[in-house]
Amino acid sequence: MDRIRIVGGRKLNGTIPISGAKNAALPLMIASLLTEETLILDNVPRLADVAQLERILGNHGVDIMVSGKRPGETADNGQTLHISAARIVDTTAPYELVSKMRASFWVLAPLVARMGDARVSMPGGCAIGTRPVDLLIMAVERLGATIDIEGGYVVARAPKGLRGSEIVFPKVTVSGTHTAVMAATLAKGTTVIENAAREPEIVDVADCLNKMGAHISGAGTRQIVIEGVAKLRGARHAVLPDRIETGTYAMAAAMTGGDVFLQNGRPELLQAALDVLVSAGVIVTPTNQGIRIVRNGAGLAPVDVTTAPFPEFPTDLQAQLMALMSCARGTSHITETIFENRFMHVGELTRLGARIQLEGERATIEGVPHLKGAPVMATDLRASVSLVIAALAAEGETTVNRVYHLDRGFERLEDKLGRCGAAIERLSG
Ligand code: EPU
């Protein structure tokens, strides 16, 4: 199993290209199931989760062709996928595939909307809490599907097609909103989604669906309205930049000090996180091409942050902020309100010398002058990358084990950081 070895203490200086967003690419690929025609997606990141979803879609009969390299293209350009679900040969998503990646459960909505039935394994346990799917099931039920749970599978049936309806989410859910939007595009009549998630990835998927002929308005607000259509067609769409990758490297630069330009990063996608960095004393300069992050000699001021749905501070940057605050001059507080049990990084950061107390969903972080390198590992993507951030500033050597978690969501991490001067290398085996 690969490991990453980091020798801390070097400032980061240079440019980091930001990839397409994992959490937009995955639902966009799933949306391809809604049409017989080809969906072309540009700027798709090369990630383990994308490759895994390619296998899952392949099992339903979807053909995916990756465009070859064009002149002038480098590894910094995302890949272009031509996805064709001309003939869906199987509407079952088996346990072996769904249990490897939760987002693959989302195939439920397009399959039942287009084919009239879907049989999708319940995703099962997850490292960041229980993560139920009750609201996804509620959404397709509201649109007229009947639901049975059979042998660990959710079986959705709508032989006469789905019908538009009102869907009121009792809590904000990204997966529930994606499900409701995708299912409603092919439902008969109008669907109104109340208390919808407002994440930029919801807007990106709605934009793509509209290019495919859907009638969706209000994406990015609390109320989304969808006029169902009989058929969707092919389209071409570029995946928006990854706001979590942007925020992660911003925090890495804040951690080590230095001057880093996050090329293609879009400030409006992570304003709450940038505001936190500014209040910690980091200089953040948005430009048309990206975001510049500078920290001079001055220490970091502590912060008090609570995670919440967009546009507030994202749970997917909580672990990285905690790593950063472990070196602040004073005591910080971070409260996690989205996922219970998303604190696997705490024990490992402590191994690097961080002082963190957990009380329920609230962490108190007492800044220390120096972290010290150690072997660490984590069981989740964002937790793993928080250990990388801590290691970049720690004295001495850190090995981060179980690198496959990082490969799920960060494209060429060691290359991007290495080009800015970090002493970081991947050790195979
Ligand atoms: N929830 C329910 N019932 C449901 C669905 C969700 O109670 O049926 C709860 C969840 O347990 C959680 C809250 O609602 O407490 C929010 O969950 P949400 O559905 O918004 O999360 P998700 O769609 O499963 C996506 C991202 C996550 C990100 C969250 C929150 C993808 C593939 N995943 O998950 O990303 O943390 O939204 O922004 O888009 C990651 O990339 O590392 C990651 C975990």
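Author: Four strands form an open sheet with mixed pairing, in the order β22-β23-β1-β24. Strands here are DSSP runs of E with at least two residues, helices are runs of H or I with at least four, and both are numbered from the N terminus. Two strands count as paired if DSSP finds at least two bridges between them. Because β22 (375-377) and β24 (423-427) stand at the edges with a single partner strand each, one side of each has no neighbour in the sheet. From one strand to the next, the twist averages 20°.

The model is predicted: local features need pLDDT of at least 70, side-chain atom pairs count only at pLDDT 80 or more, and totals for chains, interfaces and linings use all residues. Residues are numbered from 1 along each chain as its sequence is written, and side-chain values use heavy atoms, leaving out hydrogens and water.

Within the sheet, β1 (residues 3-7) and β23 (residues 397-401) run antiparallel and are joined by four bridges. Strands of a sheet pair through backbone hydrogen bonds, either parallel or antiparallel.

Helix α12 (residues 381-393) lies across β1, β22, β23 and β24, where contact means heavy atoms within 4.5 Å. Helix α12 runs at about 170° to β23; axes are lines fitted to C-alpha atoms, for helices over the stretch in contact, and angles run from 0 to 180 degrees between N-to-C directions.
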